[in-house]
Amino acid sequence: LHLVQELGRSSIPAIYGDASYPSVLTAAHPERARLIVVALPDSGATRVAVLNARRANPDVPILVRLVRDED
């Protein structure tokens, strides 16, 4: 959350929230994103967020942090 606040002070748009929820992903405007970062603690929610982001913007790079090696 602190990083998102710092980015906002630097006029860099960032959204904090669980992007597996459509309302959070929509607020982030993935169709206009130049990079999407997904760092959720749940692998299922991560998959949903990545799939939905990819549907909204097929060409955007997506950086994903996974908690477990097997994910």
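Entry 1, helix α3. I listed the buried residues of α3 and found Ser43, Ala45, Thr46, Ala49 and Ala53. Buried means under 20% relative accessible area, exposed over 50%, and partly exposed in between, with a 1.4 Å probe and protein chains only. Seen down the axis of α3, these residues fall within an arc of 155 degrees, so they line one face of the helix. The arc is taken from the directions that run from the helix axis to the C-beta atoms. I noted the background too: an α-helix has 3.6 residues a turn, so residues three or four places apart point the same way.

On the source: this is a predicted model, where local features need pLDDT of at least 70 and side-chain atom pairs count only at pLDDT 80 or more, while totals for chains, interfaces and linings use all residues. Residues are numbered from 1 along each chain as its sequence is written, and side-chain values use heavy atoms, with hydrogens and water left out.

Helices (H or I, at least four residues) and strands (E, at least two) are DSSP runs, numbered from the N terminus. I checked the length of α3, residues 43-56: at 1.5 Å a residue its 14 residues should span 20 Å, and the end C-alpha atoms are 20 Å apart, which agrees. The expected span is 1.5 Å times one less than the number of residues.

What do the buried residues of α3 pack against? I found α2 (22-27), β1 (36-38) and β2 (62-64). Contact here means heavy atoms within 4.5 Å.

Thr46 is buried, at 4% relative accessible area. Leaving aside neighbours within four places in sequence, Thr46 is in contact with Val38, Leu40, Val64 and Leu66.

I looked up the largest nonpolar core, and it has 9 residues: Ala19, Leu25, Ile36, Val38, Leu40, Ala45, Ala49, Ala53 and Val60. The elements that give two or more residues to this core are β1 and α3. The largest share, 3 residues, comes from α3. A nonpolar core is a set of buried Ala, Val, Leu, Ile, Met, Phe, Trp, Tyr and Cys residues joined through side-chain atoms within 4.5 Å.

Is Asn57 buried or exposed? Asn57 is buried, with a relative accessible area of 11%. The side chain of Asn57 reaches the backbone nitrogen of Val60 at 3.3 Å. Not counting residues up to four places away in sequence, Asn57 touches Pro30, Glu31, Arg32 and Ala33.

Pro13 is exposed, at 77% relative accessible area. I compared its place with Ile62: Pro13 and Ile62 are 49 residues apart in sequence and 16 Å apart in space, C-alpha to C-alpha. Tyr16 is found in this loop too, and Tyr16 is exposed at 58%. The C-alpha atoms of Tyr16 and Leu1 are 15 residues apart along the chain and separated by 6.6 Å. Tyr16 touches Leu1 and Val4, not counting residues up to four places away in sequence.

Most residues other than glycine have a negative phi. I noted that Ser11 has a positive phi of about 60 degrees although it is not a glycine. Ser11 lies in the loop between α1 and α2 and counts as exposed at 65% relative accessibility. His29 also has a positive phi, of about 50 degrees. His29 lies in the loop between α2 and β1 and counts as partly exposed at 31%.

How many salt bridges does the structure hold? I found 1 salt bridge, meaning a side-chain nitrogen of Lys or Arg within 4 Å of a carboxyl oxygen of Asp or Glu. Glu70 forms a salt bridge with Arg68, and the closest N and O atoms are 3.4 Å apart. Glu70 counts as exposed at 61% relative accessibility, whereas Arg68 counts as partly exposed at 44%.

How values were computed: Polar contact = N/O pair within 3.5 Å; in protein donor to acceptor, adjacent residues only side chain to side chain.
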